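Biologist: Could you walk me through how this chain packs together? I have the sequence and the model open.

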Amino acid sequence: MTVPQPVASPGPIEAFSSARKILRAYHTLLDTIRRLRVHQDVDLIKRAFRFAHRAHRDQRRLSGEPYIIHPLAVAQIVADQCLDSATVAAALLHDVVEDTVFGTEVIQKEFGTEINELVRAVTKISLVKSKSSARLNREQYSRLKEKESAENIRLMLLATARDVRVIIIKLADKLHNMRTLNFQKPDKVRRISEEVLDIYAPIAGRLGMFRIKSELEDLAFAHIREDQFERIQQFLVQSQGEREDYIEKLNRILVQRLAEINISARIEGRAKHIYSIYQKMIGRDKSLSQIYDLRGVRIIVPEIRDCYGVLGIVHTLWPPIQGRFKDYIAMPKSNGYQSLHTSVVGPDGKALEIQIRTEEMDELAEYGVAAHWIYKNENAATRPDMRRVKWLKRLSRLMEAPQDSADFIEDLRQELNPEEVYVFTPKGDVFDLPVGSSVLDLAFRIHTEIGLACRGARVNDRMVPLRYELKSGDRVEILTDKHPHPSPGWLRYLKSTRARQKLRSYFRKREEEEALPKPEEKVVIPGARPSKPTLDELSELRIRRRKTRDPKRVPIEVAGARNIQIRYAGCCSPVPGDRIIGFVTRGRGVTVHRVDCPSIPNGDRDRDRIIAVKWEGLTEKYPVPIAIKAEDRQGLYLDLVGGITRTYTNILKAEADIPRNGDQTMRARFLIEVEHIDHLNEIFESLRSVPGVLSVERMDKKAIQREPSA
């Protein structure tokens with residue numbers, strides 16, 4: 001939606017020029033409609049245009065052009081995606097209710113329920129605006145806009161879960177606004193561009209609409225990093241002739257070899273868009289001249305069996321690059337995308353990416369969910385079944401749990417991660433999870449109760465802790481306790497949105513139950529001095545993070561001192577309340593990491609450079625005795641000590657009983673320093689992952705003192 005501007009009437013020459021532009025756009029739209037394979041009601045689209053033109057006749061955009069140009073452009077984008085006539089008509093009318101005197105009752109009367117509901121849904125999304133923002137400072141205004149944006153996105157996804165065409169209209173609206181964004185103020189340009197890269201482009205990708213996704217990314221990137229955009233664009237222009245010659249050479253080779261096995265194929269050069277090239281530069285830490293796989297080839301064949309035949313020919317022509325083959329035909333992406341992907345060393349000795357797919361797969365890759373309309377007609381009985389797209393199923397689940405705007409956007413970003421891993425259970429069930437998912441994510445995916453009671457897992461017959469990151473092809477057996485013992489600290493290990501929601505819901509419910517008054521609770525007489533809390537009460541304390549995301553607002557002590565130069569590691573981004581460790585960096589003071597950060601150097605020569613640090617005033621340590629039972633074996637005791645120390649925990653006292661009289665169970669007791677219950681749960685989790693451990697539990701405080709040593 002673009003805010004219409006009331007302006008003075010244009011002169012005759014300007015009016016004539018505008019009229020020609022409108023007519024040209026209108027006839028282009030009608031030509032597109034007539035060429036589509038989808039049955040279209042052209043008369044409906046003509047009526048919608050005339051109505052929208054009349055409604056917006058006195059309005060202009062920030063660029064000064066007639067406002068109707070915007071609805072026409074949005075409708076054109078929708079038509080290019082092969083959508084039905086009702087969606088195209090709704091795109092023409094999408095700003096009428098919000099920006100003109102005509103309400104939804106008029107749309108209902110003129111165009112019926114289906115179009116009216118689409119227009120209402122898009123209008124409702126755009127109307128979330130706060131009325132009292134004039135007196136806010138810059139920081140308050142920024143937070144307000146973030147909250148408004150989150151609510152708009154939530155409404156958009158709710159509407160999409162009911163009818164996917166709502167988000168297609170909204171994406172088309174966003175795309176045309178991005179094409180004309182330079183007429184906005186610089187701060188608004190950057191805010192909108194960042195939102196497009198964070199949310200709207202990934203949504204288009206999740207829906208498989210890669211043509212729209214690519215253009216949104218390039219337009220947003222051009223506004224955020226104009227220098228980088230122009231540099232890559234200039235490089236592509238200069239090397240275009242060379243790339244075209246290379247693709248033509250490949251085409252001749254492939255056509256000849258495929259003809260020998262009677263496979264007809266359409267071969268296309270596949271140019272990467274600018275933002276994806278930039279992402280490769282950043283991800284691989286390489287300069288533009290070092291990125292060789294800017295060229296790609298797409299091979300389109302009639303049948304699925306032909307895809308694998310082509311793959312065999314490609315791999316006999318050029319050597320495949322190990323680890324770069326993906327079969328999305330056997331295992332489609334959650335948005336329904338199917339194709340074979342492989343990378344080979346091409347005839348010039350440089351990497352070449354090749355995609356192999358059928359015509360139908362190619363249309364789905366280009367148009368995403370919109371491709372389901374290509375072979376459908378207007379009959380409701382044959383309307384496309386959006387349940388085929390897994391992500392749309394998960395979409396409504398994202399809305400179930402009440403969350404504040406920050407949590408919602410964070411979970412949405414996780415859900416929009418397009419990469420997935422596929423893992424197997426011992427029974428042969430296959431689960432797709434976001435890249436970076438832990439065994440804990442899988443446990444919650446299987447069932448909430450399994451997630452809450454999870455204590456570890458066997459991955460490929462090897463014991464691993466909850467934080468273990470899964471890889472495609474892993475065979476995973478989830479291990480559980482009889483009773484659940486989840487920790488808020490588990491949120492650090494969870495990647496999938498659904499699992500995070502389940503865990504938050506559990507603790508929200510538990511807090512509500514704990515808030516209820518209990519009959520045995522003592523009433524403290526006013527003025528009386530409260531008694532000192534017991535060790536058990538102290539160790540049950542949960543993390544109470546300070547309400548700040550800025551670590552600089554909470555001072556850090558390094559080995560008891562506060563005047564040491566520190567910096568915060570970008571690899572794990574510690575925040576107040578996280579358990580942290582310091583690493584002495586030559587010439588740069590101490591770098592602060594989270595204790596579970598995988599980037600902390602751990603070689604023998606680096607151990608002396610690890611130093612104790614803590615958030616001042618946020619942590620205090622308490623001695624807690626624990627008891628462990630395990631199947632006795634050589635090296636067990638050292639493994640138990642290692643299980644504790646790898647959580648950066650001090651051991652104050654340690655004892656163990658040697659098994660006697662044929663008993664093969666070793667019993668060990670440790671007195672350890674614990675900061676809070678999350679810390680204790682982390683220690684328990686680490687110990688339970690030690691092979692042979694049967695149980696880990698807390699003891700009475702005096703037990704370790706009165707039991708005899710072995």
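Modeller: Let me start with L29, which touches I45, L72, A75, Q76, A79, V88 and L92, leaving out residues up to four places away in sequence; a contact here means heavy atoms within 4.5 Å. Bear in mind that this is a predicted model, in which local features need pLDDT of at least 70 and side-chain atom pairs count only at pLDDT 80 or more, while totals for chains, interfaces and linings use all residues. Residues are numbered from 1 along each chain as its sequence is written, and side-chain values use heavy atoms, with hydrogens and water left out.

Biologist: Which residues touch the most other members of the largest nonpolar core?

Modeller: Those are L29, L93, I115, I167 and I232, in a core of 81 residues, where a nonpolar core is a set of buried Ala, Val, Leu, Ile, Met, Phe, Trp, Tyr and Cys residues joined through side-chain atoms within 4.5 Å. Helix 10 (residues 186-206) supplies the largest share of this core, nine residues. There is also a second, separate core of 25 residues, which includes V423, V439, F444 and L466.

Biologist: And helices 3 and 4, at what angle do they pack?

Modeller: Helix 3 (residues 69-80) and helix 4 (residues 85-93) pack at about 160 degrees, with their axes 7 Å apart. That makes helix 3 roughly antiparallel to helix 4, a label used for angles over 145 degrees. In their contact, P71, L72, V74, A75, V78 and A79 of helix 3 meet T87, V88, A91 and L92 of helix 4. The residues of this contact divide into nine nonpolar, one polar and no charged.

Biologist: How many residues of helix 4 are buried?

Modeller: Nine of the nine residues of helix 4 are buried, so this helix is largely enclosed by the rest of the structure; buried means under 20% relative accessible area, with a 1.4 Å probe and protein chains only.

Biologist: Switching topic, what does helix 9 do against helix 10?

Modeller: The axes of helix 9 (residues 165-179) and helix 10 come within 11 Å and cross at roughly 145 degrees. By class, their contact has eight nonpolar, one polar and three charged residues.

Biologist: Last one: is I478 buried or exposed?

Modeller: I478, which is found in strand 10 (residues 476-480), counts as buried because its relative accessibility is 18%. Leaving out residues up to four places away in sequence, I478 touches V439, L442, A443, I446, I450, C454, G456 and A457.

Conventions. Axes fitted to C-alpha atoms, helices over the stretch in contact; angles between N-to-C directions. Helix = DSSP H or I, 4+ residues; strand = E, 2+ residues; numbered from the N terminus. Parallel < 35°, antiparallel > 145°, perpendicular 65-115°, else oblique. Nonpolar A, V, L, I, M, F, W, Y, C, P; charged D, E, K, R; others polar. Buried < 20%, exposed > 50% of the residue type's maximum accessible area, 1.4 Å probe, protein only.
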